Amino acid sequence: MNIQPFGDRALLINWEQRIDPELNATVQAWQQAIEQAAIKGVAYSIPAYCSLTVVFNPLQIAFDTLAKKIQALETPEPATKHTRRTLEIPVDYNGADLPEVAQRTGLSEAEVIELHTNRPYRVYLIGFLPGFPYLSPLPEALHCPRKQTPRQSVPAGAVGLAGAQTGIYPFEAPGGWQIIGQTPLKVFDAEAQDPFLLRPGDTVIFKPA
Amino acid sequence: MLEVEIISAGLFDTLQDEGRPGYQSQGVPLGGAMDRQSAALANQLVGNPLGTPVVESTLLGPRLRFHGPAQIALTGAMARPTLNGQLISRYTTVNVAPGAVLNIGGMQQGCRTYLAIRGDWQVQQWLGSCSPPPYQSEVLTPDSRLQSGQRLNIQNAPEIEIRQIPLKEHPVFSKTHKISVFPGPEWAAFSNSARSHFLSQPFTLSKDSNRMGLRLAEPLPETEHLPGLLSSAVLPGTIQVPPSGQPIILMADAQTTGGYPRLAQVSTNDLPILAQCRPGDQVQFRLHA
């Protein structure tokens with residue numbers, strides 16, 4: 001892992017730059033380890049595919065001190081299949097872009113659905129919108145580009161594809177993902193104490209509703 | 001309980017505090033005041049704890065009526081605020097009589113004013129902050145985007161002595177802003193000519209700038225073939241460069257991750273200067289010493 005400054009109040013840890021479940025589990029394990037170490041001056045951290053950004057208060061801790069403290073932590077054990085959560089997400093495959101995805105991939109709509117369901121996806125990161133999971137790996141046959149013109153409004157619960165990823169819209173928002181279906185599950189619940197259904201490292205399996 | 005009535009809202013008035021640090025791993029924007037320095041000063045001038053809500057107004061402020069005695073302070077952009085038609089000073093505690101009408105008005109210089117009102121604000125929060133998130137704010141923080149006719153409730157606190165910040169410490173606004181930056185994580189991926197252009201040429205702040213980001217009009221050279229980035233964290237002050245080459249400076253409501261190369265990171269001390277930039281202003285970057 002490579003540690004570098006990111007401006008005057010953040011520290012960036014980069015691993016090998018590729019999408020890989022073990023690397024991503026390492027990122028999440030380090031995020032937890034740094035959180036648990038409760039280092040004074042650390043404000044928050046943002047895990048991604050193969051990087052972890054740690055934001056700190058420079059009046060409480062210097063970059064060099066923080067980097068040393070992180071390096072001195074014991075290498076954390078990544079969560080295993082058995083300790084990770086697996087969530088089944090029912091999907092009604094009626095999305096407006098299902099025909100376009102079928103056309104772009106040369107598959108029938110039934111084949112698109114078949115390929116998308118009943119396989120485990122990892123939540124690599126949450127980003128773009130509060131609670132929006134980036135899920136991979138998507139079978140290569142389903143890879144297709146984002147829409148030429150993003151939609152003004154995509155409904156809450158919409159299940160979409162973009163490149164090598166699939167994801168779920170937590171609430172109504174503009175977006176350019178190819179929408180293939182809709183889940184009745186609340187990925188984001190504004191009223192709840194913890195509004196987010198998914199966290200980085202979870203496993204998601206889509207089931208036809 | 002003090003009631004403050006919004007007689008007429010300005011262009012874009014929101015309640016802001018220090019945002020939601022800690023929820024960024026769930027994709028929640030940090031939020032909070034754009035010009036955190038002016039917001040903190042306003043609260044200090046009325047003796048409020050840091051992080052008490054303030055009213056952030058953009059370019060044209062609101063008109064408000066105080067239905068009881070109050071102590072207020074105005075900081076940030078240069079406006080000509082009046083109380084019952086009489087010009088009042090900025091950067092000082094102002095005593096307000098019951099029934100008085102405050103008009104913040106248009107801003108001659110700078111972009112955002114901050115109004116602090118002494119007391120304990122009774123407003124709905126989401127994840128510990130009243131700052132309206134870019135999405136779902138009408139559900140999550142219904143009080144925070146001020147509307148004409150709305151009333152704010154503030155629990156009064158004992159009156160304090162007048163406080164004042166000397167004139168020489170008020171911010172000075174110009175049309176050209178010098179901004180210190182640190183090399184960003186992908187600094188080395190940019191060509192020499194892109195980097196030297198970035199540090200030598202002025203950039204114009206474009207009209208479609210907002211609390212999520214400030215867009216710069218002039219493109220950098222040689223940015224078409226930059227390698228893509230696997231989504232990684234972005235922060236307020238991150239300068240990212242999309243394929244168009246026109247840099248975007250991410251601000252308080254920015255998303256938490258992005259895939260565009262991160263050219264530079266603005267020095268935290270200079271974020272308040274950027275928060276006060278108006279469309280059409282020029283920004284000149286230099287590497288932090």
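**Strands, domains and a chain contact**

In this predicted model, A:Gly160 stands opposite A:Ile179 in strand β12 of chain A, where strands (E, at least two residues) and helices (H or I, at least four) are DSSP runs numbered from the N terminus. Local features need pLDDT of at least 70 and side-chain atom pairs count only at pLDDT 80 or more, while totals for chains, interfaces and linings use all residues; residues are numbered from 1 along each chain as its sequence is written, and chains are lettered from A and ligands numbered from 1 in the order in which they are written.

Strand β9 (residues 158–162) of chain A and β12(A) pair in the antiparallel sense over four bridges, pairing being assigned if DSSP finds at least two bridges between two strands. Strand β12 (residues 178–182) of chain A is mostly covered, with five of its five residues buried; a residue is buried if 20 or more other C-beta atoms, placed from the backbone, lie within 10 Å of its own, exposed if 12 or fewer do, and partly exposed in between.

Chain A is divided into domain 1 (2–72) and domain 2 (86–208), with bounds that come from an automatic or database domain assignment. The contact between them takes eight residues from domain 1 of chain A and six residues from domain 2 of chain A, two residues being in contact if their C-beta atoms, placed from the backbone, lie within 7 Å. On the domain 1 side, the largest share, four residues, comes from helix α1 (residues 21–37) of chain A.

The contact between chains A and B takes 36 residues from chain A and 25 residues from chain B. On the chain A side, β3(A) gives the most, with five residues, and the residues of that side divide into 25 nonpolar, nine polar and two charged. Here Ala, Val, Leu, Ile, Met, Phe, Trp, Tyr, Cys and Pro count as nonpolar, Asp, Glu, Lys and Arg as charged, and the others, Gly among them, as polar.

In a regular strand the side chains alternate between the two faces of the sheet. Four bridges join β2(B) in antiparallel fashion to strand β3 (residues 54–58) of chain B, in which B:Glu56 is the bridge partner of B:Thr14.

Chain B also has an open sheet of seven strands in the order β7-β6-β9-β4-β1-β12-β11, with antiparallel pairing. Its edge strands are β7 (86–87) and β11 (120–121) of chain B, each of which pairs on one side only.
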